[in-house]
Every structure is written in C-alpha cells, then in structure tokens.
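Take a moment with the sequence and the 3D view below.

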Amino acid sequence: MTADDAEAPLGIEVFEPAGVGLPPEDCTPEGLSRAATAEALSLGFNRVSIVDATPLEAGRTRLRAFLERGYAGSLSYLEEGERHDPSTLLPGVKSLVVVLFAHGDAGEVSPAPDHAPRVADAAIPEAGLGPDLRGQIARYARGTDYHILMKTRLFKLGRRLATLAGRTVRVRACVDTAPLLERELAARAGLGFQGKSSLLIAPGLGSYVLLGELLIDLELAPSPPPESPRKLDFSACGSCRACLDACPTQAFPSEYVLDARRCISYLTIEQDGVIPEELRRPIGTRVFGCDVCQEVCPFNASKSRPSSSELGVREALLAPDLVRLLNLGSAPYRTLVKRTALRRASRATLQRNAAVALGNSGDPRAVAPLVRALVENERALVRLHAAWALGELAPHLDEAAVSALIQCADADPDAAVRAEARSALTRANAVTDLAPS
Ligand code: B12
Ligand code: SF4
Ligand code: SF4
C-alpha cells in the first residue's frame, strides 16, 4: 500500500486526458488493449485480460438456480441488479479489463485444532492452543483491505487510459461488491477456470487470487486466448474432489455449487445473528473466513505462486488473541479493523466468533473469560454463544462458572440466552455433579 492508495472513489467516474497520448497509429482498439495490459501489469496486478461486455448467459441461469434453492441465505444483495450484464453497471460500456491480484500465503500459521474435542471424549488436551488462545483469520484478510488497494489501482488505470486514448472516458471499477458475476467473467477472460470449489483457479497462481474489473466506454480489442497447455474449463479438476470432502461444514451440495448458509466465511462474516448450533463446532477456531477448500487444492501447491503479498500481514490479525477479541471495546475495534477487510464484520460479530472459537479450543483457560462475557457483555448474541461455549467446555467448569450459568439460566433478560445456559448446564451435569438436577 502506498501513500497514493487512499480510499478509492465509488461508482462511475469520468476522466479527462492529462498528458501525452499514444501516437495516432497506435490509438486503435489493438494498440489501446496492449497499452492497457502493460499499464495494469505495471500497477502490480498479476494477470490481466480484456473482454467485451456481452452478458454472461450461463451465469444468469446458474445464479437464478442458486437463489431459488435458498443457497444465498441472507445475502439479499445477490438478488439485486443484473449481475450477468456489465452494461447495467456502466451504460455504454464497451470493454472490461479483468485483473487478478495474488494475495499469497499472507503469513503461514500452523492452524489450531479444527474441531472441538467432544464433551464425551476422555482425553481433552489441557492446553490446545499454545501459550495464548489464538484464532484464525482467512489469508486474504490478514493485511490491508484488498478492496481499497485494487480499486485505487483500477481508477489509476482508467485515468491513464483517458490520457493514452486522448479522450474523455467513463469508467467503473468493481472489486467484489458490485453486482457482477466476477468469477465467471474472469473464466471467460481466459484467466483461469472455476474449480469444484467454485473458486477461480489461475494456472501457476492457484486460487489465492482476488478479482477486479475496470469497465470502460472505450473500445479495447479482446485479449487473445491464453496459450495454456491445460484446458481451462470446468473439467480441469478431473477426478479430484479434495475441497468438497475437506469442507468442515459440508457446504457443497454438489460440485461447483456452494450453499453459502453453511460456509464458514458466511457464518463468521456475513451472518450477524445466531450461528446454527450444528455448525458451531466445525467452525473450529476460525473467527473471520475460512481457507480449507483452498488449503487442500492441488493447484495451490505450485512453486510459482507468490508467497507474500502487497497487502502485508498485520501482527494482530495473523493469529488473533481470542480473549482480547471477546473483550473487544469500541475504540480497539475501530483500530483493529481500520483499512482491513475485517471492517465487514461488526464488533458483536467478532465477539460472537471469539466465543465460539474459545468453546472449540478445548482449553480450560477459556472458561474464565467466557464466564465474564456471559455475565457482563451487553449483547445477547455474545452472551448466548458464550453460554454455548461454556457447555462445550463442560469438563473444565468450576463452581464459579456453573453458578454464573445458573444465574444466567434464571435471570438473563433474553429468553434465547436463558435457554442456551440451561442447555450448557445440562451438558455440565452430564459430565460432573456440579450442576443442579
Ligand atoms: C457472495 C460471495 C460469497 C458468499 C457465497 C460464495 C458463493 N460460492 O457463491 C460467501 C460469503 C460464502 C463467500 C465466501 C468466500 N469468498 Co466470496 N464472494 C461472493 C461474491 C460477492 C458473489 C459470488 C456470487 O455471485 N455467488 C453466486 C454464485 C451463483 O456465483 P458463483 O459463485 O460465481 O458461481 C458460479 C459457479 O458456482 C458456477 N456454477 C454454478 N452452478 C454450476 C453447475 C455446474 C454443473 C457448473 C459446471 C458450474 C456451476 O457458475 C456460477 C456462475 O458463474 C463474489 C464477488 C462477485 N461480485 O462475484 C465474492 C468472491 C467470489 N469471493 C471471494 C473469496 C476470496 C471468498 C473466500 C475464499 C473468502 C474466505 N477465505 O473466507 C470464500 C470462498 C468460499 C467458496 N468456496 O466459494 C473471491 C473469489 C476469488 C477466487 N479466486 O475465486 C470473490 C470473487 C471476490 C473477489 N473480488 O475476489 N463469498
Ligand atoms: S470456505 Fe471453508 S466452509 Fe466455505 S466452502 Fe470453503 S472449506 Fe467450506
Ligand atoms: S481441490 Fe480438487 S476439486 Fe477442488 S477445486 Fe481444487 S482441484 Fe478442483
């Protein structure tokens, strides 16, 4: 991130030429396309391809099926706009410059245990997470917010193209949040293929790539098809199904199709309310996003993949302290999420996620902070998940924890929290004699 990468503007922008343009003989769709590609690469994008703005008809049908089956859950924005048709985002759009930005490994951490030890398990580790209780954040989110970095650069590209073409251009920069089927678009641009995980996989870079597009009302010649020895279509996964089998919540109803409601990324970031009980354990110690379907993908084993990223890694986000996250105050929250992708999750959502992760830690040191959250946190959402987490740690509960649960089961102002505390007491009762019958 450079000083120039300030907060990028949103929506449609109009840029005027400012400086010397291409010589007239190069100011053709082909010449401008070559120049746009070179500029995009010099801005730090890893791959670039230019396509025309024809609607994505296959994607339209698939998106409709996805929505009809309810797989979008509460992501109502997926129903808005015509996501298959770029012309609805920028009327008069002629071309799209599609870019990939590889975010690398973003600081490899040895993952904490994936699944909580079951209450009934005899051998529960005394300290499952090392010296501190640590959680996991998905790789793309451990540094600077990619939306800011990529959009800023796409607008720079638009400004530069106005100058090179010697005319006013209208552009729109899209990174993630615009109503556009970005993965299908990148596949059509020849930048990769959609794997069974539904992720866009780029040859040599794998799936740890983020997508962006510059829509422009300037005619650029489409990039030639890639000279790849590998077929870049849906068949490229072959017989592999590692991502489908490894997904902790079994979120894929079929190959290429994700039920967002079960995805840990959705549960920890997008869904603000109560996490369905059966999905809390498989979340493990993940507090923001999930990388499992990428970690197991053989296309991510390539040696040519960048291991670091311009997004950088913030120490506080590499393996976040779960107790600190559970107790996060308003000001520390603002500091933690500033200019990071974590902005997407509210403070209560992060605290809820920390409670679940602590419950899944199997670590007795998690009990005291969870009791404190149960008694003191102002949000019913956080108290409810703290109660559940204490139930998960039933073999480790001391008298103070049990009396806090009893008090909560009797007197918490929220009925759902009282019910969760009762359930935790029942589980504690099954393990020890501490809870009342
Ligand atoms: C909503 C959303 C989510 C939702 C739902 C994901 C989903 N699979 O739909 C949730 C919150 C779960 C999510 C999670 C993640 N996301 Co997300 N997400 C999006 C968003 C905003 C829209 C996706 C969308 O339109 N979904 C609706 C479905 C229908 O579209 P689709 O996923 O593209 O589906 C295609 C295929 O499934 C295929 N298909 C469907 N049915 C069938 C059937 C057959 C037979 C075949 C062959 C194909 C096929 O065609 C569909 C249309 O092209 C995009 C940005 C964007 N504007 O596109 C980012 C985006 C997809 N997410 C991204 C990322 C990084 C992630 C995570 C990795 C984050 C993390 N580490 O936690 C996970 C990965 C989960 C996964 N395996 O997909 C990146 C993906 C980069 C890449 N390499 O692919 C994107 C592109 C953002 C960006 N600009 O970089 N995400
Ligand atoms: S991100 Fe995690 S939970 Fe979501 S589909 Fe991939 S493996 Fe499953
Ligand atoms: S893990 Fe296997 S099936 Fe899944 S996307 Fe990668 S290659 Fe395809």
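Ile148 counts as buried because it has 20 C-beta neighbours inside 10 Å. The cut-offs are these: a residue is buried with 20 or more other C-beta atoms within 10 Å of its own, exposed with 12 or fewer, and partly exposed in between, with C-beta atoms placed from the backbone. Ile148 sits in helix α3, residues 146-165. Helices here are DSSP runs of H or I with at least four residues, strands are runs of E with at least two, and both are numbered from the N terminus. Now look across the chain.

A word on what you see. This is a predicted model, where local features need pLDDT of at least 70, side-chain atom pairs count only at pLDDT 80 or more, and totals for chains, interfaces and linings use all residues. Residues are numbered from 1 along each chain as its sequence is written, while chains are lettered from A and ligands numbered from 1 in the order in which they are written.

Step back to the whole protein chain. It has 16 helices and 9 strands. Of its 437 residues, 47% are buried.

Next, find helix α12, residues 347-361. Its 15 residues reach 21 Å from first C-alpha to last, close to the 21 Å expected. That expected span is 1.5 Å times one less than the number of residues. The helix is mostly covered, with 13 of its 15 residues buried. Just after α12 comes Gly362, with a positive phi of about 70°.

Now turn to the ligands. Which residues come nearest to ligand 1? They are Ala138, Glu182, Glu184, Ser265 and Gly289, out of 37 around it. A residue is near a molecule if its C-beta atom, placed from the backbone, lies within 6 Å of it. Helix α2 gives the most to this shell, with 4 residues. The shell divides into 23 nonpolar, 7 polar and 7 charged residues. Ala, Val, Leu, Ile, Met, Phe, Trp, Tyr, Cys and Pro count as nonpolar, Asp, Glu, Lys and Arg as charged, and the others, Gly among them, as polar.

Among the residues around it are Cys237, Cys240, Cys243 and Cys297. This shell holds 8 nonpolar, 2 polar and 2 charged residues. At least three of its residues come from each of domain 1 (12-104 + 145-231) and domain 2 (242-431). The domain bounds come from an automatic or database assignment.
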